[in-house]
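Please read the following note with the model open beside it. The points move from the whole chain to single residues.

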Amino acid sequence: MSELDSFSIVEPLTNLVAVQAIDRASPMNEFVVIDVENVTVKNVINGNFDDYFIYQIGVCCFVNNQVQEKWSQFINPECKNYVLYRKFKANFPDDIEDYPSFPVVIDELKQRIESKILWSHGPTDRQKLSENLKRYDLNDLEPKGWHDSIKVVKTVWPRFEKKGHGLEKISEHLGITYSPHDAAEDARATGLVLIHAMQETGKTIEELAELAGTKRPTRKQTAEQETSSTGPLLNLRICFTGTPRSCRQKEIEDLARQNGATVTGSVSSKIDFLVRLEEPGYGKVAKAEKRGVRIVDEDYFHSLLSQQ
C-alpha cells in the first residue's frame with residue numbers, strides 16, 4: 001500500500017446524482033470539477049495571517065451527468081514558522097501533520113484532471129493551486145481548459161448578480177443538498193449546478209465552457225487577472241484581512257472581483273483600502289496605518305456593492 005492509499009478517499013459511481021441527463025448530451029458529456037480548502041495560519045515571526053496553505057483537495061468526475069468518481073485528499077500544509085488557525089474549519093483533522101504533503105499528492109491529482117474539461121467555482125481555487133505549485137517548484141497543471149462556473153451562473157441565473165454567487169446560495173435555490181466546506185462535496189455541488197445549467201439552457205458542457213471562456217492555471221495567473229470589467233467596485237484595488245462573518249474567505253474575495261475590484265494579497269500604497277474583517281492580521285493593519293491606507297469594515301464593503 002502506498003503512502004497515498006492510506007489517506008485518499010475515493011467513491012466510485014453511485015447514486016450520488018439524481019439528475020437526468022439533458023437530451024443534447026455530447027458523447028460521454030465528461031467533465032471534472034475541483035475544489036480546494038485552505039487554512040488560515042499565523043506567522044509566528046511577524047504575526048501576519050496567511051491563507052494560501054491548502055489542507056484538502058476534492059475532485060468530482062462526471063460522465064453522462066452522473067458522478068463517476070468523487071476523490072478527496074487531506075494534505076499536510078507544512079506550515080513551518082506558522083501556527084495553524086482552525087476557526088470555521090469543522091472538517092480540519094487534528095492529525096493533519098500525518099497526511100501526505102502537496103508534492104506527494106500532485107501526481108494523483110494530475111491523473112484525474114489533465115486533458116479533461118475542468119471547472120471550479122470562482123477563481124480562488126486556481127489561484128491557491130497555482131501558489132502551491134510555485135511554492136514547491138512543481139510544473140503547472142494541464143487540463144483541457146479551466147472554466148469558472150460562476151460565469152455560467154451569472155449568465156443563466158442573473159437574479160444572483162446582486163446577491164452574490166456563493167455555492168451555498170445557488171445550491172439552496174436549485175435544491176442541491178450537500179455538506180459545504182468539504183472539498184469533494186463542494187466539487188460535487190458545483191458539478192450539479194453545471195448540470196442544472198445544461199438542463200436550463202439546452203447547452204452541452206462544451207458549450208457552457210465556451211460561454212464561460214477558458215482560463216489555464218499558469219504561474220502568471222494572479223487575482224488581479226480575474227476581475228470583472230464592470231461593477232460598482234470597478235478600478236478599485238482592495239486587500240482583505242481576517243475572516244468574513246457570513247461566508248468563506250475566497251467567497252468574499254470572489255465577490256469583490258465579480259464586481260470589478262482588483263484583490264491583492266498584500267498591503268501597499270497602491271491599494272484604495274484595506275477591508276478589516278473579524279480576527280484580522282494586525283501586520284496588515286499596521287502596514288496600512290503606516291502607509292496612510294484607508295481601513296474599512298465588512299459592512300462598508302457590502303454597502304459599496306449596492307451602489308449603481
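1. Exposed loop residue. Asn235 is exposed, because its relative accessible area is 66%; the classes are buried under 20%, exposed over 50% and partly exposed in between, computed with a 1.4 Å probe and protein chains only. Asn235 sits in the loop between helix 6 and strand 8. Its phi is near 75°, a positive value in a residue other than glycine. Helices (H or I, at least four residues) and strands (E, at least two) are DSSP runs numbered from the N terminus.

2. Basis of the note. The model is predicted, so local features need pLDDT of at least 70 and side-chain atom pairs count only at pLDDT 80 or more, while totals for chains, interfaces and linings use all residues. Residues are numbered from 1 along each chain as its sequence is written, and side-chain values use heavy atoms, with hydrogens and water left out.

3. The chain as a whole. The protein chain has nine helices and eleven strands. Of its 308 residues, 55% count as buried. The chain exposes about 14,100 Å², of which carbon and sulfur atoms supply 46%; accessible areas come from the Shrake-Rupley method with a 1.4 Å probe, and for residues only the protein chains shown count as cover. Among contacts (heavy atoms within 4.5 Å) between residues at least 6 apart in sequence, 73% join residues at least 24 apart.

4. His181 counts as partly exposed because its relative accessibility is 27%.

5. The largest nonpolar core. A nonpolar core is a set of buried Ala, Val, Leu, Ile, Met, Phe, Trp, Tyr and Cys residues joined through side-chain atoms within 4.5 Å. In soluble globular proteins, nonpolar side chains tend to be buried together. The largest core here has 29 residues, and those touching the most other members are Phe31, Phe62, Trp119, Val152, Trp157, Val193 and Leu208. Two or more residues each come from strand 2 (31–43), strand 3 (49–63), helix 3 (149–156), helix 4 (167–174), helix 5 (183–201) and helix 6 (205–212). Helix 5 gives the largest share, eight residues.

6. Leu208 and the second core. Which residues does Leu208 touch, not counting those up to four places away in sequence? They are Trp119, Val152, Leu194, Ala197, Met198, Thr201 and Lys203. A second, separate core of 20 residues includes Val32, Ile34, Val105 and Leu109.

7. Aromatic pairs. Rings of Phe, Tyr and Trp (its six-membered ring) pair if their centres lie within 6.5 Å; planes under 30 degrees apart count as stacked, over 60 as edge-to-face and the rest as tilted. By this rule there are six aromatic pairs. Phe74 and Tyr99 form an edge-to-face pair, at 5.5 Å centre to centre and 65° between the planes. Phe74 lies in strand 4 (residues 66–74) and Tyr99 in the loop between strand 5 (82–85) and helix 1 (102–113), so this pair ties together parts that are 25 residues apart in sequence. Both residues are buried. Ring pairs also link Tyr55, Phe74 and Tyr99 into a cluster.

8. A further ring pair. The ring centres of Phe240 and Phe301 are 5.2 Å apart and the planes stand at 80°, so this pair is edge-to-face. Phe240 belongs to strand 8 (residues 237–241) and Phe301 to helix 9 (residues 298–305), so that distant parts of the chain, 61 residues apart, are linked. Phe240 is buried at 4% relative accessibility, and Phe301 is buried at 0%.

9. Helix 2 and helix 7. Two packed helices are described by the angle between their axes and the distance between the axes. The axes of helix 2 (residues 124–135) and helix 7 come within 10 Å and cross at roughly 115°; axes are lines fitted to C-alpha atoms, for helices over the stretch in contact, and angles run from 0 to 180 degrees between N-to-C directions. The two helices are therefore roughly perpendicular, where under 35 degrees is roughly parallel, over 145 roughly antiparallel, 65 to 115 roughly perpendicular and the rest oblique. Thr124, Asp125 and Gln127 in helix 2 meet Lys250, Glu253, Asp254 and Arg257 in helix 7.

10. Cover of helix 7. Ten of the ten residues of helix 7 (residues 249–258) are buried. Just after this helix, Gly260 takes a positive phi of about 100°.
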